[in-house]
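I opened this model to look up a few things. My notes follow in the order in which I took them.

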2 protein chains.
Amino acid sequence: MSAAMPRTVCWSETAAGPVVRLIDQTLLPGQLVIKDCRQLDEVCEAIRSLRVRGAPAIGCAAALAVALAVHRSVADTTEELINVVGHAARELAATRPTAVNLFWALERMQQVAEQSSDFGPDEFRAALLQAAEEVVADDLERCRRIGQYGAELIPDGANVLTHCNAGALATAGYGTALGVIRAAHEQGKQIHVWVDETRPLLQGARLTAWELQQEGIACTLICDSAAASLMRAGRVDCVVVGADRIAANGDTANKIGTYPVAIAAGRHQVPFYVAAPCSTVDFSLPSGDEIPIEERGPEEVTYIAGRLAQPICPAEVNIFNPAFDVTPAELITAIITEAGVAVQPLASSLAELSSEPFSSLSAPESSS
Amino acid sequence: MSAAMPRTVCWSETAAGPVVRLIDQTLLPGQLVIKDCRQLDEVCEAIRSLRVRGAPAIGCAAALAVALAVHRSVADTTEELINVVGHAARELAATRPTAVNLFWALERMQQVAEQSSDFGPDEFRAALLQAAEEVVADDLERCRRIGQYGAELIPDGANVLTHCNAGALATAGYGTALGVIRAAHEQGKQIHVWVDETRPLLQGARLTAWELQQEGIACTLICDSAAASLMRAGRVDCVVVGADRIAANGDTANKIGTYPVAIAAGRHQVPFYVAAPCSTVDFSLPSGDEIPIEERGPEEVTYIAGRLAQPICPAEVNIFNPAFDVTPAELITAIITEAGVAVQPLASSLAELSSEPFSSLSAPESSS
């Protein structure tokens with residue numbers, strides 16, 4: 001995101017007290033509206049309704065929301081504030097089931113709360129805010145490192161296809177998949193991006209195209225179903241997507257429609273890269289079969305992401321609207337993380353990379 | 001289509017003279033509007049703007065439009081009327097490039113015009129109308145036979161996935177892919193249909209879901225990109241789609257998005273059937289590489305088939321909007337025609353079936 005753009009999600013002190021400030025992504029690209037969440041419930045609503053979305057950005061919003069809850073609490077003992085953290089974590093954990101960064105961030109905040117149990121209430125509040133700010137700063141730094149590692153995989157002149165939005169808007173900034181593209185662009189490589197529109201909620205058309213336009217990176221929008229024939233015509237050099245959760249074996253949950261892109265890429269020998277921070281890897285799950293897949297409401301399909309007054313289909317038609325799918329590890333050429341590039345076999349490569357986190361803010365220990 | 005529904009496209013004598021009468025499919029499912037085309041130009045516009053669409057229905061509309069042109073012509077010699085036929089055929093041939101049934105129907109009408117060159121003007125007009133009516137009646141009969149052959153391939157209790165609309169609305173009636181589903185349903189089989197919404201123009205959501213609802217056939221609408229994960233979950237027993245042009249080797253051009261469905265079906269060993277009349281096979285083309293693929297305007301993508309006031313993406317974003325893709329023969333389990341089911345190897349099987357047309361109205365000779 002260019003310097004002039006507001007941050008995806010951040011902490012802000014206002015005249016009305018502290019807030020979690022975020023871009024309301026449901027209104028993009030038509031309107032750039034900043035929403036200030038003054039209470040935990042507002043952040044939960046913003047996550048559920050996808051005002052803030054993208055696995056890393058959800059993690060950042062959740063961490064900030066825990067800090068907000070303790071700052072807004074009138075409790076005057078640390079014991080009470082620890083209960084506030086527990087309550088906030090439970091509320092936030094119930095917002096969306098698939099992205100593991102949410103749970104990772106909540107675990108991190110609860111760890112800090114436990115470690116700060118001897119503090120007085122004010123110090124406790126400060127410690128929680130500092131921890132949340134670190135989650136955000138850390139995410140930005142991880143994205144930059146992902147970009148550095150990933151850019152080496154992108155040839156000059158490449159036509160890169162991406163699905164959904166794994167950009168600055170999906171993270172604290174810079175992006176994962178778009179971070180890779182951004183870094184390649186910053187290195188002076190001529191990049192052209194095929195942007196899958198990404199039904200039902202059109203994150204590609206609305207958010208990725210907008211981000212790329214802000215950066216001056218050439219792009220062309222396509223319907224999701226046009227990706228395969230572009231590959232057949234030799235017009236796609238590689239695919240880069242983000243991830244919402246990666247199992248220990250490398251199976252990757254990402255936005256619905258990622259799997260068919262991966263199948264087509266496999267058929268046409270197009271490298272298929274996943275870009276995600278190590279916090280996206282859930283070592284407690286042996287394979288993608290165990291990743292819970294969120295199903296969302298029919299109106300996302302029938303009213304085109306809330307943009308139509310009349311549905312596109314006859315009334316009373318059944319709708320099935322899964323938000324994610326799972327791409328098996330065998331279809332993934334490599335997973336680009338902040339600790340390096342995991343290659344096949346992904347299981348051992350991911351385990352190795354995750355054992356050497358670049359900062360003190362490491363992913364939680366495997367619970368398997 | 002149920003008995004109460006108007007015909008997709010037909011000839012009608014009105015107080016204002018003869019017309020080509022058609023359902024304006026751009027307004028479905030919100031409104032069922034019948035459009036009377038009084039001049040050739042109106043039929044051309046209806047084909048270009050997809051008021052009438054679907055390869056067989058376009059062929060029917062074109063045949064009727066040639067008859068309309070000679071009936072509306074004030075010419076008083078047969079020689080002049082033969083020129084009217086030639087002019088009409090050229091205008092109609094320029095409307096859409098991919099569906100071969102259009103060219104087949106025009107060739108048929110020109111053959112009849114040549115064979116009728118000794119007739120007086122009134123007899124000539126009558127002969128052309130009879131020929132056009134035969135194209136329509138013949139299409140309906142072919143669809144019924146496709147349904148009979150195809151229904152044998154659909155198990156009782158099957159979950160059938162289809163893409164776009166190859167139904168009554170895409171033909172003179174009954175449909176090709178939906179004809180197969182309709183026939184299986186009429187045989188008492190319990191069928192459930194997964195309906196791909198079919199971006200950009202949403203023919204699945206708008207037309208196929210509507211047709212199936214009219215018939216009382218159970219269906220569930222999905223985004224195109226959800227088909228692959230349904231197959232992975234074992235929830236799709238077979239795929240049946242239509243075709244806009246089939247090359248001699250069996251490579252099949254159909255609505256954009258058919259190819260990724262076929263790739264996913266191949267990966268998951270889900271039978272993938274194409275249902276189309278023999279007139280869809282273009283024996284002059286050795287492979288699908290030679291099939292011209294129509295590109296359409298960006299507004300179909302950005303304004304969601306004309307249903308939005310504001311585009312879904314930022315202004316000035318490039319759009320690539322191919323209307324069709326080509327599924328290679330190797331991914332097609334069988335092609336269901338009115339002459340029987342072509343199996344692998346498709347090239348020889350198609351040639352054999354097409355040499356035994358069921359009626360006098362055979363497809364044109366190969367021009368290769």
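Entry 1, the sheet. I noted at the outset that the model is predicted. In S2(A), I found that Cys10(A) has Arg21(A) as its bridge partner. I then looked up the strands around this pair: S1(A) and strand S2 (residues 17–23) of chain A run antiparallel and are joined by six bridges. They belong to an open sheet of three strands in chain A, with the order S1-S2-S3 and antiparallel pairing. Strand S1 (9–14) and strand S3 (34–37) of chain A are the edge strands, each pairing on one side only. I read an average twist of 35 degrees from one strand to the next.

I looked up what lies across S2 and S3 of chain A, and found helix H1 (residues 40–48) of chain A, which runs at about 140 degrees to S3(A).

For chain A, the assignment gives domain 1 (9–143) and domain 2 (153–353). Taken over C-alpha atoms, their centres are 26 Å apart. I noted that 29 residues from domain 1 of chain A and 33 residues from domain 2 of chain A take part in the contact. About 2,500 Å² is buried between these two domains, and carbon and sulfur atoms give 57% of that area. The rule finds two salt bridges across this interface.

I looked up Arg142(A) and found a salt bridge with Glu338(A); the closest N and O atoms are 2.3 Å apart.

Methods: Residues are numbered from 1 along each chain as its sequence is written. Chains are lettered from A and ligands numbered from 1 in the order in which they are written. This is a predicted model: local features need pLDDT of at least 70, side-chain atom pairs count only at pLDDT 80 or more; totals for chains, interfaces and linings use all residues. Side-chain values use heavy atoms; hydrogens and water are left out. Two strands pair if DSSP finds at least two bridges between them. Helices (H or I, at least four residues) and strands (E, at least two) are DSSP runs, numbered from the N terminus. Axes are lines fitted to C-alpha atoms, for helices over the stretch in contact, and angles run from 0 to 180 degrees between N-to-C directions. Contact means heavy atoms within 4.5 Å. Domain bounds come from an automatic or database domain assignment. Buried area is the accessible area (1.4 Å probe) that two parts lose on being put together, summed over both. A salt bridge is a side-chain nitrogen of Lys or Arg within 4 Å of a carboxyl oxygen of Asp or Glu.
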